[in-house]
Amino acid sequence: MFRATEDQDFYELLSPTLLPKASGFLWNEMMMVHMNCRGYAVAQFMQPEPAKYSHAPNLEAKTFMQPEQPYYAHHPGRFVFVKDEENESVFSAPYEPVRVKTDSYSFALGQSRIVWKVEHQGVLIEMSLSLPKEDPLELWRVKVTNVSQQKRKLSVYPYFTVGYMSWMNQSGEYLEDLQAIVCSSVTPYQKYQDYDKIKNFRDKTFLIAEQAPTSWEVNQEAFEGEGGITCPSALEQTELAKGDARYETPVAAMQYRMELAAGEAREYRFLFGPARDEREIAQIRETYFGSGEDGFAAAEREYDRYIREGRGCMTISTPDKDLDLFVNRWLPRQIYYHGQTNRLTTDPQTRNYLQDHMGMSYLKPQVARASFLTALSQQKANGAMPDGIVLHPDAELKYINQVPHTDHCVWLPICLSTYLDETGDYSILEEKVAYADSKQAEPVYVHIDKAMRWLMNDRDERGLNYINQGDWCDPMNMVGYKGKGVSGWLTIATAYAFQVWADICDNSGRPEVAREYRASAEETNAAVNRYLWDGEWYARGITDDNIVFGVSKDQEGRIFINPQGWSMLSGAADDEKREKLMQAVREQLETPYGVEKLAPSYTAMREDVGRVTQKHPGSAENGAVYNHAAAFYIYALYAVGEQEDAFRLLRKMLPGPDVEDIVQRGQLPVFIPNYYRGAYRQFPRTAGRSSHLFNTGTVPWVYRCLIDGLFGVQGTKDGIRVNPQLPSHWNEATVTREFRGATLHVEILRDAAVSQTEVYAEGELLPDGVLRNMQPGQTYRVQVKLRVGV
């Protein structure tokens with residue numbers, strides 16, 4: 001019922017009811033559209049903040065994308081009603097809102113297109129969605145084919161939701177000169193000072209038709225009549241009534257009447273999106289449907305090229321073909337989306353911005369470099385990093401970036417290290433950048449030194465880092481708001497950041513400074529072991545009232561994943577502690593769907609921890625399989641050579657390959673979601689359910705796990721270190737790795753004749769496994785022999 005196409009360009013679902021929330025997404029740097037397999041859509045565009053052009057039927061809160069998006073009959077969507085004019089029967093494609101069981105159905109997700117094929121009683125409807133590279137609009141094709149053996153008389157009604165645009169002013173009408181339905185509104189405002197902000201908004205929604213329709217309807221209530229959305233009364237008439245909307249909820253519905261001979265097909269093309277005025281709509285029509293070159297098809301080709309620019313730096317072939325497909329096709333695409341669009345926000349959270357561009361270090365390192373410099377330009381002269389990075393002159397910090405969090409500095413060396421590994425571009429450390437509150441420009445390495453010292457100073461008398469109103473976990477907002485609570489995870493992560501920065505200092509000619517940071521890391525780890533080790537695992541933190549939490553005596557929130565993984569990275573956990581905490585994770589946090597963020601999930605508010613405990617048990621940060629945190633833990637497992645646990649948990653990030661697993665998660669394996677439902681031991685019925693939220697810091701860490709860990713093709717200052725950590729049930733794998741303009745073909749085989757890993761380049765043994773002096777444009781063949789059984 002789901003499969004990759006033979007050429008692997010599409011991933012296909014063959015039922016609209018098996019995975020009713022299965023979805024995919026397309027984007028450019030001005031917009032995003034998230035399409036459900038049944039035709040529902042969530043779309044937004046930037047002006048400069050996110051805005052809607054296809055609204056719900058009620059007043060919506062303007063907020064970020066929601067996990068586990070609920071769908072309902074009047075949810076915004078893109079549908080095609082089809083009526084047989086001879087027998088009056090009606091069905092709709094892709095499935096909603098009529099929900100007629102069709103003879104065949106296909107929902108196919110491609111890199112740059114989403115395609116449906118729906119056949120019912122001899123009529124085949126093919127719908128495809130793509131985007132332009134830059135403009136905020138949707139490119140739709142609707143093809144109608146008579147696949148029966150007799151002539152058919154049909155009416156086909158493309159139906160695009162506009163919804164409740166504005167309580168101040170909304171209307172809609174068909175404009176013949178534009179061959180478009182144009183719906184108008186005014187963004188509501190109260191203060192006169194806000195008028196200048198909204199007066200140039202794109203408050204019109206248009207549906208432009210390449211071919212003039214037979215008729216149309218712009219009034220949603222008139223279209224539905226007494227039959228409602230599932231059986232619209234307007235379809236009972238020969239033609240739509242050509243109505244308009246006057247302070248009524250508008251819709252963009254068109255009708256095409258046709259007679260089709262057996263085997264005959266007609267194709268229609270549409271543009272759907274926002275505009276400022278009719279002049280802009282006319283210009284859009286001319287660009288895409290005007291005389292001369294076919295602008296519509298050219299835009300589709302240009303967009304496909306744009307999306308394919310985000311290809312990864314690695315291609316794999318392993319015994320797990322589903323993993324191969326995801327790593328080769330879908331994972332780089334998701335990384336590219338994050339880094340190229342900054343999640344379609346004008347003020348991404350600093351931690352997100354830095355980690356997303358850690359991922360871009362593999363795909364477009366020049367973009368990552370510029371982004372790191374942008375982030376540092378907003379640092380304060382005392383070393384503190386802001387809660388959000390402002391990317392547009394009109395941007396305002398959203399509510400989440402007005403809440404003080406204490407973890408942002410820690411990400412600077414961690415994320416920059418990946419850029420340095422991948423590029424060897426240590427010159428970035430000498431780039432001079434000014435501060436947000438000072439015009440004095442100083443080198444990047446001074447900025448990061450200041451960030452590390454800020455972390456050293458923002459501590460209590462025990463040497464533990466303050467949490468304020470949150471660290472990486474946004475909703476852990478009441479642990480330290482009185483100024484005394486500390487974060488166990490952040491203290492551990494700080495020790496790791498010191499070590500990473502020490503390595504960078506060594507590689508950039510500052511060995512004495514490196515020794516100071518390593519000494520600070522040791523002191524920090526000692527404090528961690530003195531105050532946070534609970535006997536079997538590490539505590540999550542200590543509250544304002546000096547209560548240690550995330551420990552064995554807690555009935556809920558006994559164990560958190562983040563301190564366990566990061567303690568392996570920082571070196572706080574010695575071999576004995578590592579074995580104990582790994583066993584605790586296996587027993588208390590591991591599920592069939594991955595490793596949970598905490599367990600047991602909180603079932604009631606804990607006022608000294610915060611709003612994380614108010615979230616539904618097993619959702620989001622309250623005990624879900626929160627993939628971002630899971631990826632940290634997997635990376636740590638690879639860092640200490642625990643490849644069996646690492647691969648087992650890594651593979652659980654993807655739905656399948658078992659059908660039952662995919663059905664339980666409800667998602668196709670074309671992106672890693674923010675989370676899968678957790679609370680597996682408390683509420684097994686809903687455990688594993690996907691959030692379908694593709695905004696997540698998980699994906700660059702998964703790529704790091706693959707490159708640094710599983711396949712062991714990690715960059716160094718001098719070259720590339722080859723040290724694969726295949727799971728024991730794999731006997732072979734091949735990797736093609738692009739690295740600094742060179743290409744490596746790596747063949748990995750188990751060999752009973754070797755007792756330890758051996759690496760050969762062009763037949764010559766590399767004693768330390770590092771291939772040096774690689775030249776751009778050259779191809780290198782590497783053979784790796786692994787001992788059997790490990």
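Helices (H or I, at least four residues) and strands (E, at least two) are taken here as DSSP runs, numbered from the N terminus. This is a predicted model, in which local features need pLDDT of at least 70 and side-chain atom pairs count only at pLDDT 80 or more, while totals for chains, interfaces and linings use all residues. Residues are numbered from 1 along each chain as its sequence is written, and side-chain values use heavy atoms, with hydrogens and water left out.

**Annotated domains**

- An unreviewed UniProt entry annotates residues 74-288 as "domain: Glycosyl hydrolase 94 supersandwich", and over this range the chain is 9% helix and 46% strand, with the end C-alpha atoms 30 Å apart.
- The annotation "domain: Glycosyl hydrolase 94 catalytic", also from an unreviewed UniProt entry, covers residues 314-712, where the chain is 45% helix and 8% strand and the end C-alpha atoms are 12 Å apart.
- UniProt positions are given in the numbering used here, feature names are shortened, and annotations may be inferred rather than shown by experiment.

**Second largest pocket**

- The second largest pocket has a volume of about 680 Å³, and of the 27 residues that line this pocket, the closest to its centre are Asp-421, Asp-503, Tyr-635, Gln-714 and Arg-721.
- On a 1 Å grid over the protein atoms alone, a pocket is an open set of points where a 1.4 Å probe fits, with protein on both sides within 12 Å along at least five of seven lines, and lining residues have an atom within 4 Å of a point.
- Grid points are joined across faces, edges and corners, and a volume is the space filled by probe spheres set on the points.
- Helix H10 (488-507) supplies the largest share of the lining, six residues, and at least two residues each come from elements including helix H8 (411-423), helix H14 (627-639), helix H17 (698-710) and strand E33 (713-715).
- The lining divides into ten nonpolar, ten polar and seven charged residues, where Ala, Val, Leu, Ile, Met, Phe, Trp, Tyr, Cys and Pro count as nonpolar, Asp, Glu, Lys and Arg as charged, and the others, Gly among them, as polar.

**Aromatic pairs**

- A search of the whole structure finds 46 aromatic pairs, a pair being rings of Phe, Tyr and Trp (its six-membered ring) with centres within 6.5 Å, counted as stacked for planes under 30 degrees apart, edge-to-face over 60 and tilted for the rest.
- One of these is the edge-to-face pair of Tyr-496 and Trp-566, at 5.7 Å centre to centre and 75° between the planes; because Tyr-496 lies in helix H10 and Trp-566 in helix H12 (residues 561-570), the pair ties together parts that are 70 residues apart in sequence.
- Tyr-496 is buried at 10% relative accessibility, and Trp-566 is buried at 0%, where buried means under 20% relative accessible area, exposed over 50% and partly exposed in between (1.4 Å probe, protein chains only).
- The rings of Phe-647 and Trp-730 have centres 5.0 Å apart and planes at 65°, so this pair is edge-to-face.

**Backbone features**

- Cis peptide bonds join Gln-47 to Pro-48, with omega about -10°, and Ala-599 to Pro-600, with omega near -15°.
- Gln-8, although not a glycine, has a positive phi of about 65°, and at 36% relative accessibility Gln-8 counts as partly exposed.
- Asn-773, also not a glycine, has a positive phi of about 55° and counts as exposed at 64% relative accessibility.
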